[in-house]
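Welcome, and please open your viewer. We will go from one selection to the next, with a short note at each stop.

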Amino acid sequence: MKIRIKGNSIRYRLTKTEVETFCKTGSYKETTDFGNSVFTYMLKAKKGIDALEASFEENTITLFLSDVERSDWATSDRVGFSGTMDLPNGKQLSLLLEKDFVCLDETIEDQSDNYPNPRTGTNAC
């Protein structure tokens, strides 16, 4: 799972296996060890919501997706989910959750578990 943060926007991208695991178990997480602390980012299914939500507590960003939406995401053609979350300070947080596609440009990153890019229809860059 990859995370991209810029300003008040957060984007998660998940490989096929990660999406399948999330859909089966209701959660998926990654950690980055900095030695003196660990940064965690996770995706969790949540009942009773109808839009993406997020929280940041104890060095962990958690993105919440409706439990209903989670159920068939792995087997559907749906690429992802997007939304904005109103914050108590009057600002908004932009949220995006997507399946990770193979890059069109060459990269040194392992992309063997990424979804085929719809622009090429193959698993190759």
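Two strands count as paired here if DSSP finds at least two bridges between them; helices (H or I, at least four residues) and strands (E, at least two) are DSSP runs, numbered from the N terminus. This is a predicted model, in which local features need pLDDT of at least 70 and side-chain atom pairs count only at pLDDT 80 or more, while totals for chains, interfaces and linings use all residues. Residues are numbered from 1 along each chain as its sequence is written, and side-chain values use heavy atoms, with hydrogens and water left out.

**Stop one: the hairpin.** Select residues 2-6, strand β1, which pairs with β2 in the antiparallel sense over five bridges. I5 has I10 of β2 as its bridge partner. Two residues lie between the strands of this hairpin, and G7 in the turn has a positive phi of about 55 degrees.

**Stop two: the open sheet.** Now show the four strands in the order β3-β4-β6-β5, an open sheet with mixed pairing. β3 (27-33) and β5 stand at the edges with a single partner strand each, so one side of each has no neighbour in the sheet. Between β3 and β4, which run antiparallel, there are seven bridges. Pick K29 and you will find M42 of β4 opposite.

**Stop three: the core.** Which residues touch the most other members of the largest nonpolar core? They are Y12, L43, L63, L95 and L97, out of 21 residues. Such a core is a set of buried Ala, Val, Leu, Ile, Met, Phe, Trp, Tyr and Cys residues joined through side-chain atoms within 4.5 Å; buried means under 20% relative accessible area, exposed over 50%, and partly exposed in between (1.4 Å probe, protein chains only).

**Stop four: salt bridges.** Seven are present in the structure, each a side-chain nitrogen of Lys or Arg within 4 Å of a carboxyl oxygen of Asp or Glu. Select D100 and K2, whose side chains meet at 2.9 Å, N to O. This pair links the segment after β8 with strand β1, 98 residues apart. D100 is buried at 2% relative accessible area, whereas K2 is partly exposed at 29%.

Go next to E98 and R13, with their closest N and O atoms 3.2 Å apart. E98 sits in strand β8 and R13 in strand β2, 85 residues apart.

**Last stop: E58.** Look in the loop between β5 (53-57) and β6: E58 is exposed, with a relative accessible area of 78%.
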